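I open this notebook to record what I looked up in one model. The entries begin with how the two chains meet and end with a few single residues.

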Amino acid sequence: MLNSIVGLHGAGITVTNSYESIQTIPVTSATPSITFSSIPSTYKHLQIRGLVRSDRSGQTQDILGIRLNGDTTTTNYAAHWLQGDGSSAAGSSTIGGYAYAWNGYAPAANSTSGNYGVMVLDILDYSDTNKNKVTRMLGGNDQNGSGVAHLWSTLWAQTSAVNSVTILPVFGSNLAAGTTLALYGIKG
Amino acid sequence: MPTSTYEKITAYTVPSNTTTVTLSSIPSTYTDLRLVMVPASSSGTNGIRMRVNGDTGSNYSGTYLDGNGSNAASWRDTSATQFQLGYRLGINTTLTQIYTIDFQNYANSTTYKTALVRYNDASAAAGTAVLLWRKTPEAITSLSFNINSFGSSTGDFITGSTFTLYGIKAA
């Protein structure tokens, strides 16, 4: 069990369950996006884990986007990432221009059936109203001859507590069936 | 009472030099698996390999990204008979490396299994990899590790190497 353990100068040690499952959203039929809403403010950090695939036609990969609190203001979002595509490592970024932040790659319609991208995404201090919100994500996909491994960071330039997180495909229309994302809260 | 979500399944410390470490009988009751590994080998320069469910078919592939202090680079492995854990990273003879391996939704029978790897060695490289196991979808029930150099098995895991497996359970 991942617990927080607090001991102070001989005081009693309290063990509490610190990593809790908040919600899981499986996609059983193609859907434009997944949204975790009404996220309680009682945790210190959030983590999203799961498998993702897009229905982008004619391609083996799509880009994913992340939107916080339903905010579609394009100037509020930025992203930087480091990726490896099997032959070279490269860095890139997007600054504004989209109603979400670019946030990782996922297999798309021309990828072999059964291939899904993976992600572990963290939003640290998500409810701290003194800070703009930054996410970090480790993820990628391999397709036995293609695919990308990447480290990703996004900025939402707002100090509001995060109460909803939306994941969507950038170029595709839908997240494909079989996509599943799980939201966890981590207590500080 | 909050539901226990992140649990240790097993923790194994190598008691004496051993060629292969296998974590078996992995229960299907979790959503994700996370393995934390601190290994070392009786011989350096070789790498760690991993097999799933004892599968020896050419069902393993991976995309790697790392930095070695001089540059960042990427590499790809295709249709291999086991996973390679790490790119520009051999295994040391001292316990100075840390690996984490995440398998998401490991127990389903509908998707190929994809893993996220982080590997870390302050004297060699820090990197990440995405691994794909393309055997006809089945739940992961065992993970086995050996030290291997381009197809030939060489070296043992030394005493004190540790393998800790956690289960993460979604709502």
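Entry 1, the interface. I looked up the area first: chain A and chain B bury about 3100 Å² between them, with 60% of it on carbon and sulfur atoms. Buried area here is the accessible area (1.4 Å probe) that two parts lose on being put together, summed over both. In chain A, the residues that lose the most area to chain B are Arg49(A), Asp142(A) and Asn144(A), together 20% of what that side buries. I then looked up the residues in contact (heavy atoms within 4.5 Å). Chain A gives 44 residues and chain B gives 38 residues.

I note the ground rules here. The model is predicted, so local features need pLDDT of at least 70 and side-chain atom pairs count only at pLDDT 80 or more, while totals for chains, interfaces and linings use all residues. Residues are numbered from 1 along each chain as its sequence is written, chains are lettered from A and ligands numbered from 1 in the order in which they are written, and side-chain values use heavy atoms, with hydrogens and water left out.

I found three salt bridges between chain A and chain B, by the rule of a side-chain nitrogen of Lys or Arg within 4 Å of a carboxyl oxygen of Asp or Glu. One salt bridge joins Arg49(A) to Asp32(B), with the closest N and O atoms 2.8 Å apart. I also found 20 residue pairs in polar contact across the interface of chain A and chain B, both residues at pLDDT 80 or more. A polar contact is a pair of N or O atoms within 3.5 Å; within protein, one must be able to donate a hydrogen and the other to accept it, and residues adjacent in sequence count only if both atoms are side-chain atoms.

The elements of chain A that give two or more residues to this side include β3 (19-26), β5 (45-52) and β11 (133-142). The largest share, six residues, comes from β3(A). By class, the side of chain A that touches chain B has 16 nonpolar, 24 polar and four charged residues. Ala, Val, Leu, Ile, Met, Phe, Trp, Tyr, Cys and Pro count as nonpolar, Asp, Glu, Lys and Arg as charged, and the others, Gly among them, as polar.

I counted zero helices and 14 strands; helices (H or I, at least four residues) and strands (E, at least two) are DSSP runs, numbered from the N terminus. The C-alpha trace of chain A spans about 60 × 35 × 35 Å along its principal axes. Of the 188 residues of chain A, 52% count as buried, where buried means under 20% relative accessible area, exposed over 50% and partly exposed in between (1.4 Å probe, protein chains only).

Gly86(A) is found in the loop between β7 and β8 (89-95) of chain A, and it counts as buried because its relative accessibility is 15%. Leaving aside neighbours within four places in sequence, Gly86(A) is in contact with Thr63(B), Ser74(B), Trp75(B) and Arg76(B).

I followed Arg76(B) next, which lies in strand β6 (residues 72-80) of chain B. Arg76(B) is buried, with a relative accessible area of 18%. A polar atom of its side chain lies 3.0 Å from the backbone oxygen of Ser146(A). Within chain B, the side chain of Arg76(B) makes a polar contact with the side chain of Thr63(B) (2.6 Å).
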